[in-house]
Structures are given as structure tokens and as C-alpha cells.
Amino acid sequence: SPVTRSPVGEGGDIDGAVVANVQLHAPQAADSWDQLAKVYSGAMAEFQSRLRGLLATMRFYLPNPLALEILLRPVKGRLVEAYTALHRDLTASLERLSTAHGLPQLPFTPTTPEGLLQLIEQLEQAPQQPPTIASPSPTLPRPTPS
């Protein structure tokens with residue numbers, strides 16, 4: 001039976017909320033597997049996009065690659081740790097659901113934690129791109145010279 005949790009999940013982590021959402025909206029037919037795979041793919045694409053933005057901003061303020069690496073090390077560890085729990089729960093849910101629907105194999109395979117770490121490291125090694133800075137809003141008053 002589905003588990004209902006708060007939007008942020010237990011302990012304030014978003015990964016618990018994602019797993020609960022997957023369980024809550026479990027596919028009732030084979031067509032829904034495609035939808036679930038699209039949601040997962042969209043979430044991973046959003047993660048990559050946000051990580052690229054974070055790295056670009058950090059590179060802007062920390063041009064020394066060694067400083068960037070030192071500051072990113074605990075962030076990467078935490079991301080992989082949280083994703084490992086998410087991957088474990090998502091894979092178990094997918095296995096239970098595929099068994100319940102009589103499917104011979106999982107309809108899609110989530111990225112492994114090792115694959116996520118490899119992705120993070122590839123993004124970290126990508127060429128530098130300056131962060132995009134939004135132009136000032138025309139509705140904000142501009143300072144007047146004194």
C-alpha cells in the first residue's frame with residue numbers, strides 16, 4: 001500500500017518524498033511505466049542543470065580548481081549518499097511493482113550511485129562557462145547619483 005509523507009520527506013530530505021511520491025502514484029498499467037520513466041528522466045535532467053549552474057557559479061568565485069575540488073568533496077559525498085538511499089528505495093519499489101504487474105524485468109533502470117558520481121565528476125571537469133546573470137528588473141528603482 002502507498003505511503004504518504006510530507007512534501008519534504010522524513011528528516012527533511014527530499015529523497016524520502018520522491019520515493020513516497022513514486023509509491024503513491026504507482027503505475028496501474030504498462031503505459032504508466034513510460035510516464036514514471038519520463039518523470040525520473042526529467043528529475044535527473046533538472047539535477048544536472050542545477051549542478052551545472054552551481055558549478056558555474058562556484059567557478060566564477062573560485063577560479064582555483066583545487067579550492068573548488070576541496071569545497072565540492074563533501075557536497076559530492078552527501079549527494080551520492082542521499083541518492084544511494086533513493087536508488088535503493090526506488091529500485092525496490094520498481095521490483096515490487098513489476099512483480100505485482102507480472103513484468104519479467106524492470107521497465108527502466110535508474111542510474112546507479114556510481115553512475116551519479118561519475119556524472120558529477122564529468123560535470124566538474126567540463127570546460128568553464130560563466131554563470132548567467134539576470135539583467136536588472138525594469139520595475140526596480142535605479143539609484144540616482146548624488
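At the start of helix α3, a side-chain oxygen of N64 comes to within 2.9 Å of the backbone nitrogen of L66, a polar contact (a pair of N or O atoms within 3.5 Å, where within protein one must be able to donate a hydrogen and the other to accept it, and residues adjacent in sequence count only if both atoms are side-chain atoms). The model is a predicted one, in which local features need pLDDT of at least 70 and side-chain atom pairs count only at pLDDT 80 or more, while totals for chains, interfaces and linings use all residues. Residues are numbered from 1 along each chain as its sequence is written, and side-chain values use heavy atoms, with hydrogens and water left out.

Helix α3 covers residues 65-100, 36 residues in all, and spans 49 Å from its first C-alpha to its last, close to the expected 52 Å (1.5 Å times one less than the number of residues). Along the way α3 bends by about 35° at L72, with a proline, P74, following within four residues; the bend is the angle between axes fitted to the seven residues ending at a position and the seven starting there. Just past α3, G102 adopts a positive phi of about 70°.

As for the rest of the chain, there are four helices and zero strands (DSSP runs numbered from the N terminus: H or I of at least four residues for helices, E of at least two for strands). The order from the N terminus is simply α-α-α-α. Among contacts (heavy atoms within 4.5 Å) between residues at least 6 apart in sequence, 70% link residues at least 24 apart.

Neighbours within four places in sequence aside, L116 contacts M44, F47, L79, V80, Y83 and T111.

T91 also sits in α3. With a relative accessible area of 15%, T91 counts as buried. Its side chain reaches the backbone oxygen of H87 at 2.8 Å, and beyond its neighbours within four places in sequence, T91 is in contact with L106 and P110.

Conventions: Buried < 20%, exposed > 50% of the residue type's maximum accessible area, 1.4 Å probe, protein only.
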